[in-house]
Structures are given as C-alpha cells and as structure tokens.
Amino acid sequence: MPWPSIADFTAAVQNPVVCFKDGDPELAAGQVGLHPARGTPLVYSGNFAAVYPVECGGGRKYAVRCFTREVKDQQERYGHLDDYLSGVRPDAFVRFQYHEQGIQIRGEWYPIVKMTWVEGRRLDRFVEDNLSRPDVILDICARWRGANGSLRGLGIAHNDLQHGNVMVQHDDALRLVDYDGIFLPRFQGEPSPELGHQHYQHPLRTADDYNDQVDNFPALVIYLSLLALSHDPGLWQRFYTQENLLLTKKDYADPANSQCFHALKSNPDATVRHLAGFLEECCSRPLEEVQDLESVLADAPSVTAASSVSAQAAGAGPPAPAAPVVSAPQPPTGLSYRSLLQGGQSPQPAPAATATNPTPASVAPPQSAVASPVMTCPQCNLANPVELVYCDDEGCASVLYPGNRFCAYCGESIPVNGNYCPECGSRLV
Ligand SMILES: Nc1ncnc2c1ncn2[C@@H]1O[C@H](COP(=O)(O)OP(=O)(O)O)[C@@H](O)[C@H]1O
Ligand SMILES: [Mg+2]
C-alpha cells in the first residue's frame, strides 16, 4: 500500500468521525477547519507533513500533523521527547501527543501528532506584516533570544530552526512547531534524522552534526535577520524569497560575493554589522566553531542610544527594551535555572514533575553551586540556596517566593527568582 498523499489526508479529515474513529475520541468528535471561500479543509505543509486545524469541544483546537512519508523510530523519538520535557517544557514548546494509530485511510492506520494549535502567524509572515514597526521586530528579536536560551539550558536542539517552524502568537509570544528532528542528549552519536532548512544551515552541515550545538548557526541567522530588519526594513524587498528571511544557502556558500552579506555589513547598527561579520566568518570555519547565540552576543557591541532612537524614528511606538536585544551580563534566567537540571546526577528531568512545579530534586543545584545568600523557606524555615524556586525539603516543597512575579514586558508569569524572563529575555530587575 503506497503511503497516503496530502490529497488522501485532506479527503480523510473531512470525516473526523470516520478517520479518527477508534483512535482519538476527541478528534473524532471534532471539526476540521475549512477554507472560508472554497469550503475545503485548511491544510498547512512544509517538507514532511500536512497539518490540519481541528476544533473540538470546549474551545480546544489542535493541529493534526500527518506525515507525508514513512519515518522509522518516530514513535520512540516522540516518547523520549515527551519524557524529557516532562516538568521542564520550555514555553516555546506546545503540548503534543504522538498517536501511532492516528488517522485511518483505506482501512490502514497512519501516525499523527496531535498538538495544541498555535493561533498566530509564521515568523516570515509576521515580519512582513510588521516591517513598518521596528519596535515590534526588535521585540520578537528579544523573544527569540529568550526562546533559544531556554532550549540551550535544557541541552536540547530543535534541529530545524527556520521561519516555517517558528510561530508568533497573537500576543507576540513565540512558539516552535515541528519536533520531528529534535536533538536530545540520549541521541548523541546518532546521525541526524534531517538536515534542516537549506537557507538556515551552515554550508558544511551533514547528518553527522547532531548535538546540542546544532541550532547555533540558524539561531544566529534568525537573530541577525530580525535585528537587521528592525534597522533597515528595505532589506526585506531585496532579499526575502518566501523561502528564507534574508540569507540563503548561496550566501553561506560564497559570502564574499553575497549582496546580502554586503548589505548586512553596511547596516546602520553596529551590532548587526558585527554579527554579519561573525556569521560570514562562521561560513568558512568548521561548524563546531559556531558558538551559541549568548556567547556571540556577549562579544557584540551593545545597542547604542542612537540605534534605539533610529528604530523609534523609523516607525511609531516606543523603543524596544535595549537589555534583551543585545548583550546581557549573564544568561537568561531560563538558561541558568534549567542548567541546574543538568548539573545534577541525571540530565533527564524527573518524570513526576509538572511544568509549574518542578520537583525539588530535579531543580536542586549541585552542592558546589549552593552559595550564600540563602532564602529561608516561609513554611519550614529551611535555608535554601536563592537559586531554588521550591523548597529543597522534599516533604515541604513550598514555593520559596510566594506570589508569582510577572514579566513587565511580556506579562509572562515567572515563578523563577532570576534576572531575565525565560519567555522573552527581558530583564526583570
Ligand atoms: N501546532 C501548530 N499550530 C499552528 N500551525 C501549525 C502547527 N504545527 C504546524 N503548523 C503549520 O503547519 C506548517 C507545517 O508544519 P510542520 O510541522 O513544520 O511540517 P513540516 O515537517 O512539513 O515542515 C507550519 O509551517 C505551520 O504553518
Ligand atoms: Mg516544518
């Protein structure tokens, strides 16, 4: 039996009660979203999947992701990912379930991923719609930094960072989709199941490059592109092709003759010029030498008053906060907090933990990291290291800092007593 085509999946989802019957009862009772004019199912696709919005009762809406080719070990990979993220799911990830018996076509079961539907736009569409608002693009740039920090802190990599896998919600929060190729520490030494989008990857990348650093190059490409566009929106008309943000694989292959690199290195903003020069150098160096975004930004010149003013002058609205956009004196809270998880005996998060209540054991730093000052638990009086969120006494596990704080910039609720918002990267104190 040949693997179903997108047309097969599209035909099937028109009858959820049939195609999801005996699989997922919630989906079986749902309704697939229809194109308002044509009345046919809305379908979104990239390289490997057809994605359908399905509305279910109680206002719940899911993305039903059908695979357009057979992939080995997918069930196992999604299972490991789910385990790994249990309790420490970064905000950039949405909830997902892999169903081996997902959708039935001509009497055969095919797998699906059922995910929370992200209401928003793909990164490139969002950028295009906001080119005249540099403050908004700068804000997304800051959020991008925050999202990356949280992945890096967990020791994982998305493995295909690109405009089609980054969604900007209506509240401007960033969400990543497409978790097929994610790198987890347990996959170290295995070949990468995919190579990522060609216009975002290092020119020398091969399937052997599969580790927690593999997002470094595309993360920098996206950060640089957003920052550059906030200072020079005209770059979009010149270099966006519907398949990229600004740069393409041709630019990485021959930066010296790239008009785009030339334009980036002539950007009015010093940080953009610095990052463009750095990225250009990376293209001719081994991929292993590409540092993570935080390290690169630590060496970049800070945003100057002039660049904030030019961003403001180019569009309406206040300047974006300078701190999250460029160099920060220390990594975002999300990074250091989540790094604690790796400092313990096992890099795997404790299975019993939940997103808002990581188990004390899983967040406890190694003794060497425990230093004064301490935070005395309001319930049991145990002196806890200030880095902890929950009391280290397993029987107590109270919140050490009662009353969640909220990020002044994005409004995210932050139970972590640190300096940076793990959602958008803004400075909290
Ligand atoms: N959870 C989701 N919510 C909303 N849209 C989504 C979701 N997942 C995927 N999409 C849309 O479907 C497109 C293709 O999905 P993706 O999972 O990236 O498939 P592929 O593996 O083919 O790239 C995305 O670019 C996005 O527009
Ligand atoms: Mg994709």
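S45 has its bridge partner in strand β3, and that partner is A50. That pairing is where I want to start. A quick word on what we are looking at. This is a predicted model, in which local features need pLDDT of at least 70, side-chain atom pairs count only at pLDDT 80 or more, and totals for chains, interfaces and linings use all residues. Residues are numbered from 1 along each chain as its sequence is written, chains are lettered from A and ligands numbered from 1 in the order in which they are written, and side-chain values use heavy atoms, with hydrogens and water left out.

Now the sheet around β3. Strands here are DSSP runs of E, at least two residues, and helices are runs of H or I, at least four residues, numbered from the N terminus. Two strands pair if DSSP finds at least two bridges between them.

Take β2, residues 44–45. Strand β2 pairs with β3 in the antiparallel sense, over 2 bridges. The two form a hairpin, with 3 residues between them. Strand β1, residues 31–32, also runs antiparallel to β3, again joined by 2 bridges. There, V32 has V54 as its bridge partner.

Next, β3 itself, residues 49–55, and its link to β4. These two run antiparallel, and 7 bridges join them. Two of the pairs: E55 is partnered by K61, and P53 is partnered by A63.

How enclosed is β3? Of its 7 residues, 6 are buried, so the rest of the structure largely encloses the strand. Buried means under 20% relative accessible area; exposed is over 50%, and partly exposed lies in between, with a 1.4 Å probe and protein chains only. Strand β4, residues 61–67, is mostly covered, with 6 of its 7 residues buried.

On to the next partner of β4. Strand β6, residues 108–116, runs antiparallel to β4, and 5 bridges join the two. V64 stands opposite K114 of β6.

Stay in β4 for one residue. A63 lies in this strand. A63 counts as buried because its relative accessibility is 6%. Which residues does A63 touch? Leaving out residues up to four places away in sequence, they are V51, Y52, V113, K114, M115, T116 and W117. Contact here means heavy atoms within 4.5 Å.

Now the metal. Which protein atoms are donors to the magnesium ion, ligand 2? They are OD1 of N165 and OD of D178, at 2.2 to 2.4 Å. These two come from distant parts of the chain, 13 residues apart: N165 sits in the loop between α6 (134–154) and β8 (166–169), and D178 in the loop between β9 (174–176) and α7 (216–231). Donors are N, O and S atoms within 2.8 Å of the metal, or 3.2 Å for Na, K and Ca; water is not among the atoms, so sites may look incomplete. N165 and D178 are both buried.

Last stop, N267. This residue lies in the loop between α10 (259–265) and α11 (270–284). N267 has a relative accessible area of 2%, so it is buried. Neighbours within four places in sequence aside, N267 contacts A228, H231, D232, L235, V272 and R273.
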